[in-house]
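Here are my notes on the model, as numbered points. Please read them with the structure open.

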Amino acid sequence: MQNWAGVVATAKEQGVLPSFLTPLERQIPMVSTADIGRVCAEAMLEDWTGKRIKELRGEDVSPNDVAAAFATAIGRDVQAVETPRFDWKNNKIAVQFTKKR
């Protein structure tokens, strides 16, 4: 979910939510990093041995759903817009995902 934070300014300034996820109405499960951290911390505090698999599944959300949530939060219309695949490499938002930290 936190990956959407990189487009907050664009949504506020331009009313646009750029998205690499297409089609814009397709919902996919998203999980917050806080939920992942909580489940990991709980697992480390539990008494168990052997191998375990914990599955996390968040709410199913589409780029259109995120745009609607942004619109409500910032008080202006926000429209999800597909970022064309040929433009991914040059897109300033894509750069945020590839920066070495």
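1. Is R38 buried, partly exposed or exposed? R38 is partly exposed, because its relative accessible area is 42%, and the cut-offs are under 20% for buried and over 50% for exposed. Bear in mind that this is a predicted model.

2. R38 has a charged partner. Its side chain meets that of E42 in a salt bridge, at 3.5 Å from N to O. Both residues sit in helix α2, four residues apart, which is about one turn of the helix.

3. The whole structure holds five salt bridges. Another one links the side chains of E46 and K54, at 3.8 Å from N to O. E46 is partly exposed at 34%, and K54 is partly exposed at 44%. R57 and D60 also pair through their side chains, with N to O at 2.8 Å. Here R57 is exposed, with a relative accessible area of 61%, whereas D60 is partly exposed at 31%.

4. Now helix α3. It covers residues 63-74, twelve in number, and spans 16 Å from first C-alpha to last, close to the 16 Å expected at 1.5 Å a residue. Its buried residues are P63, V66, A67, F70 and A71. Seen down the axis of α3, they fall within an arc of 145°, so they line one face of the helix. The face turned away from that buried side carries T72 and A73, both exposed. After α3 comes G75, with a positive phi near 75°.

5. What covers the buried residues of α3? The cover includes α1 (8-14), β1 (16-19), β3 (59-61) and β4 (79-82).

6. The largest nonpolar core has 13 residues, and W4, L17, V66, F70 and V78 touch the most other members. Helix α3 supplies the largest share of this core, four residues. Look at V78: leaving aside residues up to four places away in sequence, V78 touches A11, G15, V16, L17, A67, F70 and A71.

7. S32 lies between β2 (28-30) and α2 (33-45). S32 counts as buried because its relative accessibility is 15%, below the 20% cut-off. Beyond residues up to four places away in sequence, S32 touches M1 and Q2.

Definitions and conventions: Residues numbered from 1 in each chain as written. Predicted model: local features only at pLDDT ≥ 70, side-chain atom pairs only at ≥ 80, totals over all residues. Heavy atoms only, no water. Helix = DSSP H or I, 4+ residues; strand = E, 2+ residues; numbered from the N terminus. Buried < 20%, exposed > 50% of the residue type's maximum accessible area, 1.4 Å probe, protein only. Contact = heavy atoms within 4.5 Å. Expected span 1.5 Å × (residues − 1). Arc of directions from axis to C-beta. Core = buried A, V, L, I, M, F, W, Y, C linked by side-chain atoms within 4.5 Å. Salt bridge = Lys/Arg side-chain N within 4 Å of Asp/Glu carboxyl O.
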